[in-house]
Amino acid sequence: MPDWNDRELKAGTMVRGALWLVQVVGEGNTFTKEQLREAFPRISQVDRRVRDLRDFGWVILTSSEDASLAAEDQRFIEAGVPVWDPAARQANAPQKTISAKEKRSVFARDEYMCTVCGIAGGESYVEDPNRTAVLSVTRRTTVLPDGREEVLLVAECKRCRAGSDGSPARADEVLADIKELDDGDRRRLLRWMERGRRGTTALERAWNAYRRLPGEARGEVRSALGE
Ligand SMILES: [Zn+2]
């Protein structure tokens, strides 16, 4: 079991909250919202994320369910699914059937392509031309930018689904990486997001044009730049 306070731990708030309950509070003991906020400063709605654990069989009672508790207290009765184990969490995620209508709208939104490898439905794999991609709609545990974890629907090919280790998609890390970009790159990325496809940059256009030059001309460009 990872340490709840391990800064290197790649986990969302619900998982950290579960570890905190087990390691700091302990089964049978009480805790307050205030203690939870102190343990997880700067994270909004941490109490909600901890309540999400109930979907995984964790028993946490509030004063409205247990009259012996003071209004601000909650009691951690019992741990459920070990949510810090991605495979266990995926296997026990609350399931409901995906309707045909939901599937159609997920396929359309994901442009009939696998969201993991990008292959289109019916297209053959480059490394394995005899096999064609079969797309299906699957559930993917996803850590959202505010640390909330949700199981979201994605279009995925059969091969990627079989090869998945159940680790969550990390919107929080994607956002953090984007925030590290300089202003110019960030504006460019926003334009690509609006258009739904990547554009070329002046740098790439210059590189491609340079590479298409005859060898001697490339040499002259380089020496002109060296001066
Ligand atoms: Zn795929």
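Is Arg 49 buried or exposed in this structure? Arg 49 counts as buried, at 5% relative accessibility. The model discussed here is predicted.

## Arg 49 and its helix

Arg 49 belongs to helix H3, which covers residues 46-51. Buried means under 20% relative accessible area. Arg 49 has 5%, so it falls in that class.

Its side chain has a polar partner. The side chains of Arg 49 and Asp 52 are joined by a polar contact of 3.2 Å.

## The zinc site

Four cysteines coordinate the zinc ion: Cys 114, Cys 117, Cys 157 and Cys 160. The site is tetrahedral, with angles of 102 to 115° among the 4 donor atoms.

The donors also follow a spacing along the chain, C-x2-C-x39-C-x2-C. Cys 157 is buried, with a relative accessible area of 0%. Cys 160 is buried too, with a relative accessible area of 14%. The cut-off for buried is under 20%, so the 14% of Cys 160 still qualifies.

## Ser 64 in a loop

Ser 64 sits in the loop between strand S2 (59-62) and strand S3 (73-78). Is this residue, Ser 64, buried or exposed? Ser 64 counts as exposed, at 69% relative accessibility.

The side chain of Ser 64 makes a polar contact of 3.0 Å with the side chain of Thr 62. Another pairing shows where Ser 64 lies relative to Pro 2. These residues are 62 residues apart along the chain. Their C-alpha atoms are separated by 32 Å.

## The largest pocket

Rolling a probe the size of a water molecule over the atoms shows where empty space is left. The largest pocket holds about 610 Å³ of space. It is lined by 22 residues. Closest to its centre are Ala 11, Arg 16, Phe 40, Arg 42 and Ile 43. Helix H1 (13-25) and helix H7 (171-180) are the elements that give two or more residues to this lining.

What classes of residue make up the lining of the largest pocket? There are 8 nonpolar, 5 polar and 9 charged residues. Arg 16 and Arg 42, among the residues closest to the centre, are charged by class. Ala 11, Phe 40 and Ile 43, also among the closest, count as nonpolar.

Key:
Residues numbered from 1 in each chain as written. Predicted model: local features only at pLDDT ≥ 70, side-chain atom pairs only at ≥ 80, totals over all residues. Heavy atoms only, no water. Donors = N, O, S within 2.8 Å, 3.2 Å for Na, K, Ca; no water. Tetrahedral: all angles 85-135°; square planar, octahedral: opposite > 155°, others 65-115°. Buried < 20%, exposed > 50% of the residue type's maximum accessible area, 1.4 Å probe, protein only. Helix = DSSP H or I, 4+ residues; strand = E, 2+ residues; numbered from the N terminus. Polar contact = N/O pair within 3.5 Å; in protein donor to acceptor, adjacent residues only side chain to side chain. 1 Å grid on protein atoms, 1.4 Å probe; cavity = no way out; pocket = protein on both sides within 12 Å on 5 of 7 lines; lining within 4 Å. Points joined across faces, edges and corners; volume = space filled by probe spheres on them.
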